[in-house]
Amino acid sequence: MYKKQMIFQKVICYVMLVASALVFVYSLGLSTDLYDALNSTMMDPSDYDMTDVQGSRIYYDIQPFNKALTMVSIGLIIANLILFITCTHSRRKYYIGNFFSIGLSTVCNVGASVWAISNLMAYKQTYLQIDFEALKAHADLWKTLYTDSTFWFDISFFVFGLLLLTTVLLLVNLALKVIMMKEERRLIGSRKDVVGR
């Protein structure tokens, strides 16, 4: 059982790192389609209301959040790297550092997911208020990208869902580890009793 649990904890820690890296990649791609479709509609970038397409200012409005998301994703990578620094992926017994790193990872992952998804859904609603007929006419005239897809908003459920699922599995692993450590202490205690006789 110990061998399976050790493999499980190693896999979970690596998947956690991959999930936080995926958040980083997602943050880099979030504004790509918005830029390609909406940037050319701005007649005066210093005045976001001067546009050929009503609602296209979302590209500029989302930038502070997008930058913050990129910084948060870097923070997630660092927080989840601490799992490796404390050897949470390979340790037979967990010590205070392991409990701390798992707690930090959990708080960061859950907090970032709630913050990001709530903001992304608010921006999605703003995005859906764009005058897509005017955007289509603009795209046809200037040969620019036309999209009314909410793909980059919707895929956030997969990206942050994976992060949250991995966090739950990390906590399951912690519970298994605590149970096995208690069992190991009980067995060592009973062995000492037998030897003492």
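Figure 1. The model shown here, as in every view, is predicted. Cys87 sits in the loop between α4 and α5. Its phi is near 60 degrees, a positive value in a residue other than glycine. Cys87 is partly exposed, at a relative accessible area of 28%.

Figure 2. Cys108 counts as partly exposed, with 26% relative accessibility. A disulfide is a covalent bond between the sulfur atoms of two cysteines. Across the whole structure, the search finds zero disulfides.

**Figure 3. The largest nonpolar core holds 39 residues.** Leu38, Leu120, Ile130 and Phe160 touch the most other members. Seven helices each supply at least two residues of this core: α1 (2–29), α2 (32–38), α3 (58–61), α4 (63–85), α5 (96–127), α6 (132–142) and α8 (156–196). The largest share comes from α5, with seven residues.

**Figure 4. Ile130 and its contacts beyond the local sequence.** Neighbours within four places in sequence are left aside here.

**Figure 5. The largest cavity has about 80 Å³ of space.** The count comes to one cavity of 30 Å³ or more. Leu30, Asp33, Leu34 and Tyr127 are among the residues that line the largest cavity. The lining also includes Thr147, Ser149 and Thr150. Phe151, Trp152 and Phe153 belong to the lining too. By class, the lining has six nonpolar, three polar and one charged residues. Helices α2 and α7 (151–154) each supply at least two lining residues. The largest share, three residues, comes from α7.

**Figure 6. Lys143 has a positive phi.** The value is near 55 degrees, in a residue other than glycine. Lys143 is found in the loop between α6 and α7. Lys143 is exposed, with a relative accessible area of 71%.

Methods
Residues numbered from 1 in each chain as written. Predicted model: local features only at pLDDT ≥ 70, side-chain atom pairs only at ≥ 80, totals over all residues. Heavy atoms only, no water. Core = buried A, V, L, I, M, F, W, Y, C linked by side-chain atoms within 4.5 Å. Buried < 20%, exposed > 50% of the residue type's maximum accessible area, 1.4 Å probe, protein only. Helix = DSSP H or I, 4+ residues; strand = E, 2+ residues; numbered from the N terminus. Contact = heavy atoms within 4.5 Å. Disulfide = S-S within 2.5 Å. 1 Å grid on protein atoms, 1.4 Å probe; cavity = no way out; pocket = protein on both sides within 12 Å on 5 of 7 lines; lining within 4 Å. Points joined across faces, edges and corners; volume = space filled by probe spheres on them. Nonpolar A, V, L, I, M, F, W, Y, C, P; charged D, E, K, R; others polar.
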